[in-house]
Amino acid sequence: MTKSQCRVLVLNSKGGSGKTTISTNLASLLALRGSVLLADLDPQGSSLSWGKRRPEHLPRIDLIDDPERDFRGYPPSDYVVFDAPAGLKRGRLEDMLGEVEVLLVPIAPSPFDMDASQQYLQRLEEIKRFRKGKVRLGVIANRVKLRSQAERILTEFLQELELPLVATLHDSQIYVRAAMQGLGLADLRAAEARKELPQWARILRFVETGERYGA
């Protein structure tokens, strides 16, 4: 793989956690800062479909949809975002963690998502590169309704496990509308994205510096 300035793996063992939403919106924001490669490793190909809908006049995002590909054949990129499939097997997970500096884990506020995420994060602790701190982990609370009981339960869950919360993304239709057009928050009018951008600024800061709000 071509050495990149920053490589990010978006991962959760459970389907429907919002990995593709995180990956595509992160890629659109990073495209304002440099060259971006979005690698769709999920057989469903949702990130690839999003990229194909992306209007040509927007900042370019290069796409890959073959998880076994030799990335050395691609031009150097400042950022690489990996949209990983659910249930990544141990061997492949170890390989992927060997290629990235940042791991983002979206967790939705449901008992099923929290249980599955807890088990998966415990498995990560068994991987040497992760255990030695060579990959920095950031958790994103995703699809959260403000001031709801689910938000409170998820916050308490993350605090109890001492998981590094990076940002809280709201349960908003803006992500659905943007995805249908091949857009990310970076491509929307400021008035449309204003409520969501502060949380994404926190994600960008964590990706580039490792800094978390409240830390």
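**Briefing: buried residues, cores and a pocket**

Val105 counts as buried, at 4% relative accessibility, where buried means under 20% relative accessible area, exposed means over 50%, and partly exposed lies in between, with a 1.4 Å probe and protein chains only. This is a predicted model, in which local features need pLDDT of at least 70 and side-chain atom pairs count only at pLDDT 80 or more, while totals for chains, interfaces and linings use all residues. Residues are numbered from 1 along each chain as its sequence is written, and side-chain values use heavy atoms, with hydrogens and water left out.

- Val105 lies in strand β5; helices (H or I, at least four residues) and strands (E, at least two) are DSSP runs, numbered from the N terminus.
- Leaving aside neighbours within four places in sequence, Val105 is in contact (heavy atoms within 4.5 Å) with Leu11, Asn12, Leu121, Leu137, Gly138, Val139 and Ile140.
- Between Val105 and Asp78 there are 27 residues of separation in sequence and 21 Å in space, taken from C-alpha to C-alpha.

**The nonpolar cores**

- A nonpolar core is a set of buried Ala, Val, Leu, Ile, Met, Phe, Trp, Tyr and Cys residues joined through side-chain atoms within 4.5 Å, and in soluble globular proteins nonpolar side chains tend to be buried together.
- The largest nonpolar core has 34 residues, and of these Val8, Leu26, Leu104, Trp200, Ile203 and Val207 touch the most other members.
- At least two residues of this core come from each of β1 (6-10), α1, β2 (36-40), β4 (79-83), β5 (102-107), β7 (165-170), α7 and α9 (197-209).
- Another core, of 32 residues, lies apart from the largest one, and its members include Leu41, Leu103, Tyr120 and Ala141.
- When residues up to four places away in sequence are not counted, Leu26 touches Val8, Val81, Leu104, Trp200, Ile203, Leu204 and Val207.

**The largest pocket**

- The largest pocket has a volume of about 490 Å³; on a 1 Å grid over the protein atoms alone, a pocket is an open set of points where a 1.4 Å probe fits, with protein on both sides within 12 Å along at least five of seven lines, and lining residues have an atom within 4 Å of a point.
- Grid points are joined across faces, edges and corners, and a volume is the space filled by probe spheres set on the points.
- Of the 30 residues that line the largest pocket, Gly18, Lys19, Thr20, Thr21 and Arg143 are the closest to its centre.
- Two or more lining residues are given by each of α1 (19-30), α2 (46-53), β6 (136-144) and α7 (174-180), and α1 gives the most, with five residues.
- Sorted by class, the lining has eight nonpolar, 15 polar and seven charged residues, where Ala, Val, Leu, Ile, Met, Phe, Trp, Tyr, Cys and Pro count as nonpolar, Asp, Glu, Lys and Arg as charged, and the others, Gly among them, as polar.

**Residues with a positive phi**

- Most residues other than glycine have a negative phi.
- Arg143, found in strand β6, is not a glycine and yet has a positive phi near 60 degrees, and Arg143 is partly exposed, with a relative accessible area of 37%.
- Glu162 likewise has a positive phi, of about 55 degrees, although Glu162 is not a glycine; Glu162 is found in the loop between α6 (149-160) and β7 and counts as exposed, at 72% relative accessibility.

- Glu101, in the loop between α3 (90-97) and β5, is buried, with a relative accessible area of 18%, and the side chain of Glu101 makes a polar contact with the side chain of Arg7 (2.4 Å).
- A polar contact is a pair of N or O atoms within 3.5 Å; within protein, one must be able to donate a hydrogen and the other to accept it, and residues adjacent in sequence count only if both atoms are side-chain atoms.
- Arg54, in the loop between α2 and β3 (62-64), is buried, with a relative accessible area of 10%, and the side chain of Arg54 makes a polar contact with the side chain of Asp187 (2.8 Å).
- Ser17, in the loop between β1 and α1, counts as buried, at 0% relative accessibility.
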